[in-house]
Amino acid sequence: MGLELVAIAASAASGLVSYVGAQRQAQAAEYSADTARDQADVNSKIAFQRRQAEAQDATFQAGVQDYNKQVTIAEFGQKELQFEDKVQELNATFANNAFSTQGSFSDLFNAKQSEFNLAANNLYSETAQKSFNYDAQADLLTNQANRSLTLGSYESKNVLYAGANRANAFENQASAARTQAIGSLMGAASQSAQLGVKYDIFG
């Protein structure tokens, strides 16, 4: 009868060991699932913050371009006033010397007027071109900022989604391990009972 009891005890012990081992595997898988979710949450925030920083930098640079445009317009205003003062001064000089220059006054005035017109056109054209370039750069940077924010949101969601999938996989492992644990315990109990009946332990 001693050997029979040993066999029953060994069967029960084997089932208990399998049960404990499977429960530990389940706990480890659940811990991994929690870790996967936590890590995904952290990585998701990092991904968005990185894109957010890019957007903030682009927005700042767009502001710099707009500031440069305003400076250019202000400088143009100053140059325009100086230019008009110079034109009026030279016109007054021509008027004062009109009688001494005799017939050449008209030719000199027209030549100078053409020179002023060319200089004015160059000034306006240069300012307009600079303003256009600053506007174009500002628009490009603003679009870049918006794109960075969109990418940040997209990448953040993808990281969370991937983390959730990984966590679900670990949770499935945990569920399978717990099912295995219960099966091992029930199997050991059944085998022990069968051995007890076989060796008439309960009779």
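Guide: Let us begin with burial: a residue is called buried when its relative accessible area is under 20%, exposed when that area is over 50%, and partly exposed in between, using a 1.4 Å probe and protein chains only. Please keep in mind that this is a predicted model, in which local features need pLDDT of at least 70, side-chain atom pairs count only at pLDDT 80 or more, and totals for chains, interfaces and linings use all residues. Residues are numbered from 1 along each chain as its sequence is written, and side-chain values use heavy atoms, with hydrogens and water left out.

Visitor: Why is R51 called buried?

Guide: The relative accessible area of R51 is 15%, and the limit for buried is under 20%, so R51 is buried. E54, by contrast, counts as partly exposed because its relative accessibility is 31%.

Visitor: What makes the meeting of E54 and R51 a salt bridge?

Guide: A salt bridge requires a side-chain nitrogen of Lys or Arg within 4 Å of a carboxyl oxygen of Asp or Glu, and the side chains of E54 and R51 meet at 3.1 Å, N to O. The two residues are three apart in helix α1, which means that about one helical turn separates them; a helix here is a DSSP run of H or I with at least four residues, numbered from the N terminus.

Visitor: Why does the pair R50 and E155 count as well?

Guide: The closest N and O atoms of R50 and E155 are 3.5 Å apart, and the limit is 4 Å, so the pair qualifies as a salt bridge. This pair links distant parts of the chain, with R50 in helix α1 and E155 in helix α3, 105 residues apart. R50, R51, E54 and E155 are linked in a network of salt bridges.

Visitor: What does the salt bridge between R37 and E171 tie together?

Guide: The side chains of R37 and E171 meet at 2.7 Å, N to O. R37 lies in helix α1 and E171 in helix α3, so this pair ties together parts that are 134 residues apart in sequence.

Visitor: How do you know whether S156 is buried or exposed?

Guide: S156 has a relative accessible area of 13%, so it is buried. Leaving aside neighbours within four places in sequence, S156 is in contact, meaning heavy atoms within 4.5 Å, with S44 and F48. S175, at 43% relative accessibility, counts as partly exposed.
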